[in-house]
Structures are given as structure tokens and as C-alpha cells.
Amino acid sequence: MHHLSRADARRVAVRAQLLTAPRPTDMRTVVRGLTMLQVDHTKAVAPSADLVLWSRIGSRYDPDELADAVDDQTLVDVQGMIRPAEDLALYTAEMAAWPGPDAKAWAHSQARWLRDNAACRQDILDALRSDGPLTARDLPDTTVRPWRSSGWNRDRNVPMMLDLMVQAGEVAAAGRRGRDRLWDLAERIYPDDPPVPVDEARRRRDERRLHALGIARARGPECPVEPVDVGSAGEAAVVDGVRGEWRVDPSLLDAPFEGRAALLSPFDRLIQDRKRMAELFEFDYALEMYKPAAARRWGYYALPVLHGDRLVGKVDATADHAAGVLQVHAVHEDGPWRPAVRADVADELEDLARWLGLDLHLGARTHVS
């Protein structure tokens, strides 16, 4: 059993996420280390996957590198997560067995909907086989039982069919055409590696996830696409001042720690598990883009600020490409920052503007909480 202070635990997490100094330099190595990048194309500052890579690599990172890696299938988009292609063997056995005997009732309900619309499913496969890759709007909707929900997915038959066929390992994302995602047969996209048996694959995914997170709970809330818990991976740990038992990657303990400043995507994996974020970093944050403007505390797409092993504030910024500026609307300090912290954050903003090819406009208000 490892006994860690909160600072110890935070440093393990920051080190695991490649947010220490010196910076990594190779995009593919970073993605393999993080194991995945969440796809979100909100461009308030930059698409999240690119912003995550800039946070690690800095302005030398070229977004074309990521696009090229997806195009040449070195990296593969699976359910909105960009993963190394070699990791797909850890998922394909589970895909083939989807939804699986231990699945929740809602997953079996989805499988029934696919079976009820078997002809449409086959029509989509036939269209992709003959003419793929295609967008969802290019594919036939021959459903006999429409998709029903109380939300925005109601009657979105083909997109929902494609999402479920991804889970079943039949189709895969094949890039984009403008704003539209392209789809093709999974056999054309995924590497032809033998699938790892389900139990072994889950164990190895837990180990990969723990190495990327550094420290995590053994059990956590259900997150179907990318869990936040790690089962029995790693070794047991307790963190001073935090209840319960954790799992830690021992290879990340007791190493030198050289922190730095970083501006993070709201979807950054360091803060993906909001409960872990609150427990270890004692940081208050929520993505507010879906809130009315008057209800926002920090801004539409505020970037969490990391300094060393602490999350110390948020920067409300917008990339206005038409005007050619990165507009910083406000800087929110969680407690007054030391001059050195302000200087480090200013350097990061300069680097962000340089990477975006914009002039930095600091019409910023500083708020201290």
C-alpha cells in the first residue's frame, strides 16, 4: 500500500499526462502515451484534440500531423476517440460480441432495434462496400422502426444506426468531408490484427488507462466509451485527506518532478474525471458552453490553467480568425497568483497565439476568487 500526499498524487497524474518539463516532441508518441484523444470540433479556441496536443508539445505541433495520421490509419477514430491503431486489437473481440451477455438493459434494447432494422443495416453495409467512404446523408434510410428518444436523436435513424454498427465493429469513421464525418467498412479501416480475448483485453486496457492517468479509482461511475476507473491495475494507494483506496502506477512514483504552466482543453484527460479533479486538485470547474451566457462564471470555453502540480485558474479566450486575434476576455485566478505564475501563463498565451497564427489581444479582466 502506497501512502501519498495530495501533492504526490497530483504529480503522478501530471507526469502521466505528459504535462511536465521538458515537453515531448513527437505527436504519435504523445497519443500513444495518452492512449486516446477525445474528438470535439468546437472551435472557440481550437478543436480539442489539437488543443490537447498543443498543451503538451507547444507551438511546434502542426495539426496536419494529426490529420495525416488519421488519414493513413496510424491513428483511428473509434466512437469519437482517436486511438493508436495497434490498440484496436484490445477492442475487436468485445465489438464482435456486442452487446454481450453482461450488458445493461438499454444496450440490449439498442441491439433489438438493430435486429428490427436488419434490412437497413444490410443496405448501409452494401452501400459502403460498393461506394464507401460515404457520409451519413449519403446512406439509405430504410428503417422499418424509427429511432425514438426524448432528446435530439429522435428520428436520426442513419446516424444512430452507424453509432451502433461502430460498437458492433462493422463500420468505422474514415475521416471527414468538410463538416461531415465519412464512414466505411471497419475491415477497410482497422488493422488486421488478431483480436485479444475479452478478459485479457480488458486487463490490458485497464493497465494502459492507469499508465495514462497515473492514479485512479479501482471502481467508478459507468462511462461506456472511456472508463475513468482501472480495476485491479497497478498497486493500491491511499491519499492523505481523501477517502477510499486508489490504484497507482508504481513506475510513476518517486521520479523527479519539473512542473510548468499549461492551458488545457475543457476535454483534457487530466480533468476528464471531475470527481478525481475535485479530490486531488481541489479545483472547481465545469464546461459552460451549454449554459446561458448570464449563468456562466468563467466563460463559454474557459481553459483550465495548470501551474506545476496545481490547477490555479481559468482563461476565457476566443480565437477570432476573421479579425486575426486571440481575444482574452478574462483571466480567473483561484486565489491571487504570484508574479511568476502570471508571467508563465502570459508565455503560454503568447505561444497559443503563435500556434494559431493570431495576434494576442489582452483586453483581459482579472478575477480573483
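1. Ground rules. This is a predicted model, where local features need pLDDT of at least 70, side-chain atom pairs count only at pLDDT 80 or more, and totals for chains, interfaces and linings use all residues. Numbering runs from 1 along each chain as its sequence is written, and side-chain values use heavy atoms, with hydrogens and water left out.

2. Salt bridges overall. The structure holds 31 salt bridges, each one a side-chain nitrogen of Lys or Arg within 4 Å of a carboxyl oxygen of Asp or Glu. As background, side chains of opposite charge can pair when their charged atoms come close.

3. Arg6 and Glu282. These two side chains meet in a salt bridge at 3.7 Å, N to O. Arg6 sits in helix α1 (residues 6-16) and Glu282 in the loop between α11 (274-281) and β12 (303-307), so the pair ties together parts that are 276 residues apart in sequence. Helices (H or I, at least four residues) and strands (E, at least two) are DSSP runs, numbered from the N terminus. Both partners are partly exposed: Arg6 has a relative accessible area of 23%, and Glu282 has 48%. For these labels, buried means under 20% relative accessible area, exposed over 50%, and partly exposed in between (1.4 Å probe, protein chains only).

4. Glu333 and Arg342. The closest N and O atoms of this salt bridge are 2.8 Å apart. Glu333 counts as buried because its relative accessibility is 2%, whereas Arg342 is partly exposed at 39%. Elsewhere, salt bridges that share partners join Arg83, Asp206, Arg209, Glu226 and Arg269 into one network.

5. Arg247 and Glu245. Here the side chains form a salt bridge at 3.8 Å, N to O. Arg247 has 14% relative accessibility, so it counts as buried; Glu245 is partly exposed at 40%.

6. Cysteines. How many disulfides does a search of the whole structure find? The search turns up 0, taking a disulfide as a pair of cysteine sulfur atoms within 2.5 Å. Cys120 is buried, with 1% relative accessibility, while Cys223 is partly exposed at 26%.

7. Cis peptides. Most residues other than glycine have a negative phi, and most peptide bonds are trans. The bond from Ala21 to Pro22 is cis, with omega near -10°, and Pro22 lies in the loop between α1 and α2 (27-34). Gly132 and Pro133 are also joined by a cis peptide bond, with omega about 5°; Pro133 falls in the loop between α7 (118-131) and β5 (134-135).

8. Positive phi. Leu18, in the loop between α1 and α2, has phi near 60° and is partly exposed at 25% relative accessibility. Asp254 also has a positive phi, near 60°. Its place is the loop between β10 (242-248) and β11 (261-263), and at 84% relative accessibility Asp254 counts as exposed.

9. A negative patch. Asp62, Asp64, Asp68 and Asp71 gather in a patch of negative charge on the surface. Patch members have over 30% relative accessible area and no salt bridge, with like charges joined within 9 Å. Asp62 lies in the loop between α3 (48-57) and α4 (63-71) and counts as partly exposed at 34% relative accessibility.

Conventions:
Patches are made of residues with over 30% relative accessible area and no salt bridge: like charges are joined within 9 Å, nonpolar side chains (Val, Leu, Ile, Met, Phe, Trp, Tyr) within 5 Å. Accessible areas come from the Shrake-Rupley method with a 1.4 Å probe; for residues, only the protein chains shown count as cover. Lys and Arg count as positive and Asp and Glu as negative; His and the chain ends are not counted. The place of a charge is taken as NZ of Lys, CZ of Arg, CG of Asp or CD of Glu.
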